[in-house]
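Welcome! Please take a look at the sequence and the model below, and then we can walk through them together.

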Amino acid sequence: MRSSRKRKALDWVLLSLAVLGALVVVAPLLLIVLNSFKSPDDYNQGGPLQLPSHLYFDGLARFWEASDFPKKLWNSIFISAMVAVLGVLVSLFNAYALGIGRARGRLPLLVVFLLANMLPQEALLYPLYNMSKAVGLYDSQWSVIIIFTVIQSAFGTYLLTSVYSGFPRELLEAAAIDGAGRWRTLWQVVVPVSWQTLSVLLIFFFIWTWNEFLIPTTFLVSNDKQTVPLAVAALQGEKLMDVTTTSASALLGLIPTLVFFLIFQRTLTRGVTAGAIK
Amino acid sequence: MRSTRLALGAVMLAGALVVSACGGSGASTDSDDVDTTVDGEGRTLTLWHYENETSAMGVAWKAAIEQFEKETGAKVEFEPKSFEAIRTTASQVLNSDKAPDVMEYNKGNATAGLLASQGLLTNLDGAVEAYKWEDKLAPSLQTTATYDSKGVMGSGSYFGIPNYGEYVEFYYNEDLFKKHGVEVPTTFEELEEAMAAFEAKGVTPLAESAAEYPLGQLWYQLALTKADRDWVDSYQTYTDKVDFSGPEISYATETIKDWTEKGYISKNATGIKADDAGVSFINGEAPMFFSGSWWYGRFVEEAKFNWSTGLFPGAEISPGSSGNVWVVPTKAEEKDLAYKFIDITMSPEIQNLMGNHGGVPVAAEPEAITDEKSKELIANFNTLTEQDGLGFYPDWPTPTFYDELNAGLQEVLNGTKTPDEVNEELGSLYQDGVDSITGGS
Amino acid sequence: MTPTKTQQPTGYWWYLLPGLLLVSAIVIVPLGMNIYYSFTSYRGILPPQWIGLENWQRLFTDAKFWTSFRNSIAMIVAMVVVPTLLGLLIASVLFDLVGKRFGGKVASFLRATYYIPQIIPIVVAAIVIGWIARPDDGALNSILDTIGLDGARQNWLGDPAWALPTIMVVLIWVQIGYPVVVFMAALARVDPELYEAAELDGANWWHRFRAITVAVIRPEIFVVALTCTIAALKVFAPVYALTRGGPGTSTIVPSYYSYSEFFQSTQVGYGAAISTALTVVIIAVSLVFLIAQRRVEQEEEQR
């Protein structure tokens, strides 16, 4: 049942403020788009704020070829997707035990998991580098996947545990009465009810992992294993920088995540209906 | 019981010997070990560099790859890298079995020197002797190719081989000069006159960036006009203490302050990056740009006016050095292939190709350079090398001096510190950094 | 009520196994190694050499180190306080008002636009910020000129007095999408009947916000506040991409300082000391948060 469709003046004011805020926030993105289709001449003469005099696709094309962009795209998708899925799984298991199972020593355990998020990444590099060499995972995408699964699931564990602490006991008891064990309760009751939060985690993990630079740079040595942000960074020469090509590459680099987010966004809006509880 | 223990002991001893033999800085390769005829059938050379493929080096090295494959029958696996990634991960990659066979790396104590001092680079003395590269490198170019056990350049063994050079010079927008009725300067006095004339017409004469390297290089050039070779050696290779309140540096900092107050350098340079400064020259805003030979190719492509170049008027020594060097990691598998490749990049055909594409080769044949503007570029470089006038760069002495120098000069431009204060601050930061290098760490 | 099989706590330990294994290998062990390095002189290749408390003694008298922590406070304001408050407001407006009065599609679209800065890689965003902040012809100064405020022109990133505030604004811009998305998802958990009942009782939007919204999504508020605080203390990439800690030391932060020690000076031991100090601070702050959250939860249960 929707609230009355009467829109008061205040509503319009608030809407315009929200839209204004959104415009300010999105302006830099528009600048990127603007400069991605600009030839270097246009940039030199007009600066970054002018419209291009004609659409210029060479920068985009050259970057696509030179960086073997499809391969980089696939690498990024593979790594980000694996981390998203594995990260959510690990978070789910941890939070199930801590939030719903109320395992003893919840607070210290939560801190232990959160440590993955608390350590500055630079501090991890030398130790993990030595360890990965020892097990032969140096220059392997799996080392990156494992590391990020741990780091992202720290956040996931924390968020899910907080949410599961307030999980309706009636649902669990109802499942127990039906004779469901822990495993079935997890998959048939807990996951469907918290699907909203799980989706948010999937999206976050995917996007966060996609934009990472420091750890992939350290562990992905061969070019054919590298990800999109690394390919974009490779354009920045030590002393010279081709701004319009960098802009074009940036655009290419963020379209996948944008698309991904827009698709998953619809899942978020479907929302959890009160019907799940009945 | 006894025999088992003895056997165990022997195994441990042998193991220890093997381990100690594998580690440590590379032993010198005798020239008998380096064979200049190389059969590469069925072998692969892994090569990394980070030069843009359309730049002079990119073009020349691509040709070198083709020639190498033809001559030796080996395959080349080339991976273009980003400088930032290499700088961050170099010591880690080279210490693993993913190290390439040959790669480009930055010259200087803080970069190549550091790696050499930690045993990550192969000692190239044997290859140098076998291929006679010393004959092709002028003495000041050899400085950045040799490093001692502490990683300080100028003495010791060869660890890197440069095949191109770079230096800093003035770029003049001749059309703008003509438009405002100003003469292109040939002496220092004329330079100051020209800048004053532009300023009077409301044009900021110098394109500058204090957020990145350009202003630091101008500062250094000013110091070099009052310095001699010994001072450069002290500054760069720590042969003697450098007095930051001495005549060279005081002059440099004072002049920067002076020029800023006179409006020759914009105060806003503190927020401007090198690329922006170059662009302001390309689009005709600034008539003069003091920066590196690496801009050359881009100006040829994108500048739509008449322009010329010239060394800093009246200077005997200018910032400049060999280009980046080829290094062969200690863990490289195909070392003699690597040496062969390096030799090909030093060969006349490749060097001439580089020269004709706007690069600054170290050993090109002057007659073979046909492009007029390239001739000018290379001639300036040769002038410098002949008078032993390569001063290297101001940020080389310590790994953090780049940021520290930029920060100090920004404070001069902002007026938040006096030149004396900045000199003192820079002096102590410089000394700290040098001490931690020479103090046996 | 006697606990049934599903409710006995001990059986849940199996679910913790994968997480605990992973965290030990990837986090606990490296943390230990990092602490160890802080007591050594280590250049990354040849084995570390024990030097005891030398790095730590140097750290306590290092002015740059203390400045970096002072700047962290600014980061917390920019990445926690403002985004959480603003994000809560925006999420509430979008979900409650816009969603209901103007349609879910409008609300979704606006949410997506607010989230975009989180999707843009910071290296790319830095280029754009550079264009906007340019002193001569950057967008910001140009706009100030146009509306007649040309006295307010500044060298936004190059002036030590303005660099930190400018970075703070950039960070707000980057962070805002995260609370908005989390809070909007959380708001979906609120039973709409509660709102309707309150509206029938005569409560206006603000009353409903305080009494219902904030109460129900308290867990998410805690999570957002804590994770943003940790991120603010750890912040590295924006500083690296925009100012490298300058001009001077006006924007240096602990992470950037330890990075420069690790990878530029290759003084791994000293860098490890800095990052260990930072970790200790982060752990302390997190504990405070978690204990406060636990206490609030317990109060809730007793109601």
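The report below goes chain by chain and ends with a single residue.

## Before we start

This is a predicted model, in which local features need pLDDT of at least 70 and side-chain atom pairs count only at pLDDT 80 or more, while totals for chains, interfaces and linings use all residues. Residues are numbered from 1 along each chain as its sequence is written, and chains are lettered from A and ligands numbered from 1 in the order in which they are written.

## Chain A

Let us begin with chain A, which has 13 helices and zero strands. Here helices (H or I, at least four residues) and strands (E, at least two) are DSSP runs, numbered from the N terminus. Chain A has 278 residues, and 49% of them count as buried. A residue is buried if 20 or more other C-beta atoms lie within 10 Å of its own, exposed if 12 or fewer, and partly exposed in between, with the C-beta atoms placed from the backbone.

Contacts also say something about how the chain folds back on itself. Two residues are in contact if their C-beta atoms, placed from the backbone, lie within 7 Å. Taking the contacts in chain A between residues at least 6 apart in sequence, 75% join residues at least 24 apart.

## Where chain A touches chain B

Chain A puts 24 residues in contact with 24 residues of chain B. On the chain A side, the elements giving two or more residues are α2 (40-46), α6 (121-135), α11 (214-219) and α12 (228-234). The largest share, four residues, comes from α2(A).

This side of chain A has 11 nonpolar, eight polar and five charged residues. In this count Ala, Val, Leu, Ile, Met, Phe, Trp, Tyr, Cys and Pro are nonpolar, Asp, Glu, Lys and Arg are charged, and the others, Gly among them, are polar.

Chain C has 14 helices and two strands. Its C-alpha trace spans about 70 × 70 × 30 Å along the principal axes. Of the 303 residues of chain C, 50% count as buried.

In the contact with chain A, 81 residues of chain C meet 87 residues of chain A. Several helices of chain C each supply at least two residues, among them α3 (63-102) and α14 (268-302). The largest share on the chain C side, 14 residues, comes from α1(C). By class, that side has 55 nonpolar, 17 polar and nine charged residues.

## Two domains in chain B

Chain B is divided into domain 1 (39-164 + 323-364) and domain 2 (166-321 + 392-438), with bounds that come from an automatic or database domain assignment. The C-alpha centres of the two domains lie 30 Å apart. Each domain gives 14 residues to the contact between them. The domain 1 side of this contact has five nonpolar, seven polar and two charged residues.

## Helices that meet α18 of chain B

Helix α18 (residues 419-438) of chain B meets helix α11 (residues 247-261) of chain B, and their axes come within 9 Å and cross at roughly 135°. Axes are lines fitted to C-alpha atoms, for helices over the stretch in contact, and angles run from 0 to 180 degrees between N-to-C directions. That angle makes α11(B) oblique to α18(B). Angles under 35 degrees count as roughly parallel, over 145 as roughly antiparallel, 65 to 115 as roughly perpendicular and the rest as oblique. Residues of α11(B) in this contact include Ile249(B) and Lys257(B), and Pro419(B) is one of those from α18(B).

Helix α17 (residues 401-414) of chain B also comes within 9 Å of α18(B), axis to axis, with a crossing of roughly 175°. The two helices are therefore roughly antiparallel. Among the residues making this contact are Phe401(B) and Leu405(B) of α17(B), and Leu426(B) and Gly433(B) of α18(B). The classes here are eight nonpolar, two polar and three charged residues.

## A closer look at Thr400(B)

Thr400(B) lies in the loop between α16 (372-386) and α17 of chain B. Is this residue buried or partly exposed? Thr400(B) counts as partly exposed because it has 19 C-beta neighbours inside 10 Å.

Leaving aside residues up to four places away in sequence, Thr400(B) touches Gly433(B), Ser260(C), Gln264(C) and Ser265(C). Thr400(B) and Ala110(B) are 290 residues apart in sequence, and their C-alpha atoms are 8.9 Å apart in space.
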